[in-house]
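Biologist: Hi! I'm new to this one, could you walk me through it?
Modeller: Happy to, let's bring it up.

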Amino acid sequence: MILQSAPFPPLRGPAILLVAALYALVTAVIGVWASRRTRSAGDFFAAGRRLGPFALGLAAMASTLSGFTFIGGPGLLYSVGLGALLIFLPASISNCLSAWVLAKRLRLLGEARGLVTIPDAIGARYRSPTAQGLAAVAILIAIVGYLGTNLLALGLLIDALFGTGRAMGIWIGAAAVLAYSVAGGILAGVYTDVFQGAVMAAASSLVFLAALRVGGGLDSMSATILAQEPGFLAPWGSLGPLTALSFFFVFGAGVLGQPHVLHKFYMVKDPLRLRWYPLVMTGAMVVTLLLLFGVGIAVKAQVLRGVLPALAHPDDATPLFLLRFASPLLAGILFAGVAAAIMSTVNSFLNVAAAAIVHDLPRAFRAPPGDELYRGRLATLAIGIAGAVVAQLSGTLVAFLGIFGWGLFAATLVPALAIGLNWSGGTRAGAIASIGVGLGVTLAGETLAFFGVFSFPRGVTVSGLALVLALLTYLLVSRATRRAAPALDADVRLVMEL
Amino acid sequence: MPGILLGALAIALAYGAAFLPGATTVAPWLMMVGIALLVCSLCLLGTRRRGGARPLALLIGLALLALVLLGGFGAALVLPPEGAAAPLLLGLPRRAALLVYGIGLLPALFLPLIYAFSFDAAVLSQAELRELRSQLADLARERTLE
């Protein structure tokens, strides 16, 4: 599981509640302000193309990092050692990768064609409603489970803060995100994301400093860990090299297939300002990821020193660290950061899923578009409620659906989108085949592994296997069908050659 | 494109090797080479442009990236495990430090700067944007006339 699924320890106290209330108030004010500026489907799905590089970088960072960064990540580091970092280390590279490979082309294609979704770009590149529809279906499957696990985590956090009970916490959390997502779409989402991203970065850097102080510095923590459990600080931890490298591959190359992040490139006001995007995004991500590293190592050292008891649940690492070692104010800011991370991701998912339903699927079936703003709001509401219902079904179903997230996006979208927008040799047949292979291998592989029908060898992750098979399928089928492939549309060719 | 194909093949072979008994030591090396090839080739593909050579700073940056990935992962695979008395490098054992600071931090210090300062030559200049918009407007006019 990649998100909190067990209850948090109670997080009550005047300072924590005050910060949580302030955070909710600021988010609400931004949401209301942005909602009043949402007047068209272009505003709702593409923020009216008015973002600068700073807002883009912070919003993309907030959407990329979910509550896993603050809760599940330190817990994973605590339990498997340094190998867990291979999930996050690609952040030093992946933002430049996505900028070089996709940012300019998506932004300019969006301008040329008025595109608002990632499947839109696939449909335009291959002149294929089928490819567009298939990409939308893959996105919807990935989002349903991802949304459920995120809303469950938000519900557990609200329960820990306010004692609402898990079920009510999920509904309160869903209602809060839906309030601004339905009214303001992605326009409200990105401006709340900017605030939420700033909260996440500030909270993380403060907690990292607290972790260094508590542990007596990195040297002291490492010495404690090396003396008692040297394997923890080995490069791969207990994961083994192939598993850890597989994580690096999926989370590094997979960034080229994350629709909730990539579709923010459509929102940039001036394409020339993309120059500063990787600098802002990478800086914000590195600062935010310091928490995961600091808390994971500090808690491990404190447990080995006997200062903390061994954790019953690895996901308790961050809450216990904060409650034991941080000031109530800092704990409040960090828990606001956790809520921010979850809410910003949920908002982006809601918007991408709504666009898939009211924009991409009708195009795939050649149905008339209708009033996309109105339908988009209704679809956002329906998906949010569906996600909250899934989150209520805590247990096997949520855990199972939660598997299909990052990996499914990557396996289905990276070849057709990232290679396709840069290589004129890619064909419609190659795109459809690669999306199909990515979808099929991920769904079948994860299902077989989850229910114990088939055990993959150590080091083989289904998401990595599906991604590489989809890449090879795209390249080979495109080669085989290039003679029969239709020519590119003139405007698409101009953007691809620039 | 050959780099992407070779990188993907190396990664596929790494996964394939994991299914074979006794071949597990080869798999991480194949995966490491595949990742470096794939990532750098994707960056090169993304910066391929009509009639223009890539700026030297970009090529040096990508060569450095390949070196960092191969050197960092390679060292982590080759160097012996550290014991309790192992010397620390910036607070971490040597192999961990190479991974965390080398792969996790070093590229973050130079890649975004290379992207920003080679943007006009490697990504998009004002003149190119103006020309593209003019060509797109011409196409739109032609479509209207048709």
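**A helix of chain B, and its neighbours**

Modeller: Let's begin with α2(B), which has 21 residues and reaches 30 Å from its first C-alpha to its last, close to the 30 Å expected at 1.5 Å a residue. The expected span is 1.5 Å times one less than the number of residues. Helices here are DSSP runs of H or I with at least four residues, strands are runs of E with at least two, and both are numbered from the N terminus.

Biologist: What should I know about the model and its numbering?
Modeller: This is a predicted model, where local features need pLDDT of at least 70, side-chain atom pairs count only at pLDDT 80 or more, and totals for chains, interfaces and linings use all residues. Residues are numbered from 1 along each chain as its sequence is written, while chains are lettered from A and ligands numbered from 1 in the order in which they are written.

Biologist: Is α2(B) mostly covered or mostly open?
Modeller: Mostly covered: 17 of the 21 residues of α2(B) are buried. Buried means that 20 or more other C-beta atoms, placed from the backbone, lie within 10 Å of the residue's own.

Biologist: How many residues of chain B are in contact with chain A?
Modeller: 61 residues of chain B are in contact with 57 of chain A. Contact means C-beta atoms, placed from the backbone, within 7 Å.

Biologist: Which helix supplies the largest share of that side of chain B?
Modeller: That is α2(B), with 11 residues.

Biologist: And how does that side split by class?
Modeller: The side of chain B that touches chain A has 48 nonpolar, 7 polar and 6 charged residues. Nonpolar covers Ala, Val, Leu, Ile, Met, Phe, Trp, Tyr, Cys and Pro, charged covers Asp, Glu, Lys and Arg, and the others, Gly among them, are polar.

Biologist: At what angle do α5(A) and α5(B) cross?
Modeller: Roughly 20°, with their axes coming within 8 Å. Axes are lines fitted to C-alpha atoms, for helices over the stretch in contact, and angles run from 0 to 180 degrees between N-to-C directions. The two helices are therefore roughly parallel, a label for angles under 35 degrees.

Biologist: Which residues meet there?
Modeller: Among them are A:Ile93 and A:Trp100 in α5(A), and B:Leu111 and B:Tyr115 in α5(B). This contact divides into 9 nonpolar, 1 polar and no charged residues.

Biologist: Switching to chain A, how do α7(A) and α15(A) cross?
Modeller: Their axes come within 8 Å and cross at roughly 65°, so α7(A) and α15(A) are roughly perpendicular, the label for 65 to 115 degrees.

Terms used
Parallel < 35°, antiparallel > 145°, perpendicular 65-115°, else oblique. Contact = placed C-beta atoms within 7 Å. Buried ≥ 20, exposed ≤ 12 C-beta atoms within 10 Å, placed from the backbone.
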